[in-house]
Amino acid sequence: DALKAEAEIRPFIDSVMEKVGSGDLSAAFALMKPYTIVPSSELEAMASNSKAQREMVGSRFGAAAGYEFVDQAKVGQSLLRLTYIEKTQRHALPWMFYFYRSPEGWVLNSFVWNDNMPGLFGGAR
C-alpha cells in the first residue's frame with residue numbers, strides 16, 4: 001500500500017508514534033507493515049530486536065512516556081523525513097522515518113530509532 005497524499009504522512013506516523021509512546025512496539029510495527037517496503041520477515045525481526053533493545057535499556061531510561069514531533073525535511077519532490085522522539089522517564093529516543101514518493105504514492109522506505117539524542121542537534125542522522 002501507499003499513502004496517496006503527502007498530507008497523510010504526518011497523521012499516519014503520529015498514530016505509529018502514539019503506539020511507541022505508550023510502549024506498544026508490536027502495534028507500532030503492525031501499523032507500519034502495509035506501507036513499508038521492508039519484507040514481512042525482516043520487519044518482524046526488526047520488531048523483535050526493537051522490543052529486546054527497549055527492554056535492555058528500560059532500566060536505564062525508564063518506561064515509555066509519550067512522544068513528540070521534532071522535525072520534517074523534504075529533499076526534492078520525492079523524499080521526506082520525519083523525526084520524532086520517543087519520550088521515556090529519563091531519556092529521549094530519536095525515531096526517523098524516511099518516505100519515498102513512488103508512482104503509486106508515498107511509501108515508508110526505511111526508518112530507524114536509536115539513543116543518539118545528541119545527533120538531533122546537527123549530528124549524523
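Here are some notes on the helices of this predicted model and on a few single residues in and around them.

1. **Ground rules.** This is a predicted model, in which local features need pLDDT of at least 70, side-chain atom pairs count only at pLDDT 80 or more, and totals for chains, interfaces and linings use all residues. Residues are numbered from 1 along each chain as its sequence is written, and side-chain values use heavy atoms, with hydrogens and water left out.

2. **Helix α1.** Let's begin with α1, which covers residues 9–21; helices here are DSSP runs of H or I with at least four residues, strands are E runs of at least two, and both are numbered from the N terminus. The 13 residues of α1 reach 18 Å from first C-alpha to last, close to the 18 Å expected at 1.5 Å a residue. That expected span is 1.5 Å times one less than the number of residues. Just after α1 comes Gly23, with a positive phi of about 85°.

3. **The buried side of α1.** Buried residues of α1 are Ile9, Phe12, Ile13, Asp14, Val16, Met17, Val20 and Gly21. The cut-offs are under 20% relative accessible area for buried, over 50% for exposed and partly exposed in between, using a 1.4 Å probe and protein chains only. Their cover includes α2, β1, β2, β3 and β4.

4. **Asp14 up close.** Leaving out residues up to four places away in sequence, Asp14 touches Tyr67 and Tyr84, where contact means heavy atoms within 4.5 Å.

5. **How α1 meets α2.** The axes of α1 and α2 come within 7 Å and cross at roughly 160°. Axes are lines fitted to C-alpha atoms, for helices over the stretch in contact, and the angles run from 0 to 180 degrees between N-to-C directions. The two helices are therefore roughly antiparallel; that label is for angles over 145 degrees, while under 35 is roughly parallel, 65 to 115 roughly perpendicular and the rest oblique. The crossing of α1 and α2 is left-handed, meaning that the near helix is turned anticlockwise from the far one by less than a right angle, with clockwise giving right-handed. On the α1 side, Phe12, Ser15, Val16, Lys19 and Val20 take part, and they meet Leu25, Ala27, Ala28, Leu31 and Met32 of α2.

6. **Helix α2 and its other partner.** Within α2, the buried residues include Leu25, Ala27, Ala28, Phe29 and Met32, and what covers the buried residues of this helix includes α1, α3, β3 and β4. The axes of α2 and α3 come within 10 Å, crossing at roughly 155°. That makes α2 roughly antiparallel to α3. Here the crossing is right-handed. Leu25, Ser26 and Phe29 of α2 meet Leu43, Met46, Ala47, Ser50, Lys51 and Arg54 of α3.

7. **Helix α3 and its kink.** With 22 residues (40–61), α3 reaches 29 Å from its first C-alpha to its last, close to the 32 Å expected at 1.5 Å a residue. A kink of about 30° is centred on Glu55; the bend at a residue is the angle between axes fitted to the seven residues ending there and the seven starting there. After α3 comes Gly62, whose phi is positive, near 90°.

8. Leu43, Ala47, Ser50, Arg54, Val57 and Phe61 are the buried residues of α3. Covering them are elements including α2, β1 (64–75), β2 (79–88), β3 (92–102) and β4 (105–113). Met56, also in helix α3, is exposed, with a relative accessible area of 64%. Its C-alpha lies 37 Å from that of Gly105, 49 residues apart along the chain.

9. Lys33 sits in the loop between α2 and α3 and, at 40% relative accessibility, counts as partly exposed. Setting aside neighbours within four places in sequence, Lys33 is in contact with Ser40, Leu43 and Glu44. Ala5 belongs to the segment before α1 and is partly exposed at 33%.
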